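Welcome! Here are a few exercises to work through with the structure at hand. Try each task before reading its solution.

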Amino acid sequence: METIELVVGRIGKPHGLRGEVTVDVRTDEPERRYAVGSRLRAEPPQGSASPLRALTVASSRWHQTTLLVAFEEIGDRNAAEAARGIVLHATVPVDETPADPDEYYDHQLVGLAAYDLEGAELGTVTGLVHGGAQDLLAIRTPDGRDTLVPFVKALVPEVDLEAGRVVVADRPGLVTPLPEDA
């Protein structure tokens, strides 16, 4: 079975003296990715002296809105400080889907054909841009222009992975050019 890697977080500052760290969560399923026993690939930042290449979750808990995680390989505050900035990756089967039916992994969307509400082809999804307020679908039009569409239900009312398509409620200037730019 083929697998892919998903970025699921980045280690932040230490919390306490026993090696617990804050995690900047980059997954909609933290309870799944940070379950006790989960093994994550560790990618230290450039220039880091950290020898860690894999981490095993010993415990995880929420402290208000911050995820605190203890890893078996990080035993004290000094080790936690040295791990700061490590990007965490989970390996999942390529056909795995998020638990929420309205959520998608990036790789599931890339390559889907984009159509407007009337069925006219707008282009192909080339990626996702993860923003602070919302995610944006990157769409390349048949004439080679790159556009960004907010990935919200009002503008992307339909995602059909089986049919290989997304429907975009296009407006002039969103994907199709404004009349004066055409």
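Strands here are DSSP runs of E with at least two residues, numbered from the N terminus. Keep in mind that this is a predicted model.

**Exercise 1.** Find where glutamine 64 sits, and decide whether this residue is buried or exposed.

*Solution.* Start with the place: glutamine 64 lies in the loop between β4 and β5. Next, take the cut-off: a residue counts as exposed over 50% relative accessible area. Glutamine 64 has 72% relative accessibility, so it counts as exposed. Now look at the backbone. Most residues other than glycine have a negative phi. Glutamine 64, although not a glycine, has a positive phi of about 60°.

**Exercise 2.** Explore the largest nonpolar core: how many residues does it have, and which element gives the most to it?

*Solution.* First, the count: this core has 23 residues. Among those with the most contacts inside it are Ile11, Tyr34 and Leu88. Second, the elements: β1 (3-14) and β6 (87-93) are among those that give two or more residues. β1 gives the most, with four residues. Third, zoom in on tyrosine 34, whose contacts include Val8, Val23, Leu40 and Leu88.

**Exercise 3.** Work out the order of the strands in the six-stranded open sheet, and name its edge strands.

*Solution.* Reading across, the order is β10-β9-β8-β7-β12-β11, with mixed pairing. The edge strands, each pairing on one side only, are β10 (146-150) and β11 (158-160). Inside the sheet, β8 and β9 run antiparallel and are joined by six bridges. Here valine 125 stands opposite isoleucine 139 in β9.

Key:
Residues are numbered from 1 along each chain as its sequence is written. This is a predicted model: local features need pLDDT of at least 70, side-chain atom pairs count only at pLDDT 80 or more; totals for chains, interfaces and linings use all residues. Side-chain values use heavy atoms; hydrogens and water are left out. A nonpolar core is a set of buried Ala, Val, Leu, Ile, Met, Phe, Trp, Tyr and Cys residues joined through side-chain atoms within 4.5 Å. Buried means under 20% relative accessible area, exposed over 50%, partly exposed in between (1.4 Å probe, protein chains only). Contact means heavy atoms within 4.5 Å. Two strands pair if DSSP finds at least two bridges between them. Lists of a residue's contacts leave out its neighbours within four places in sequence.
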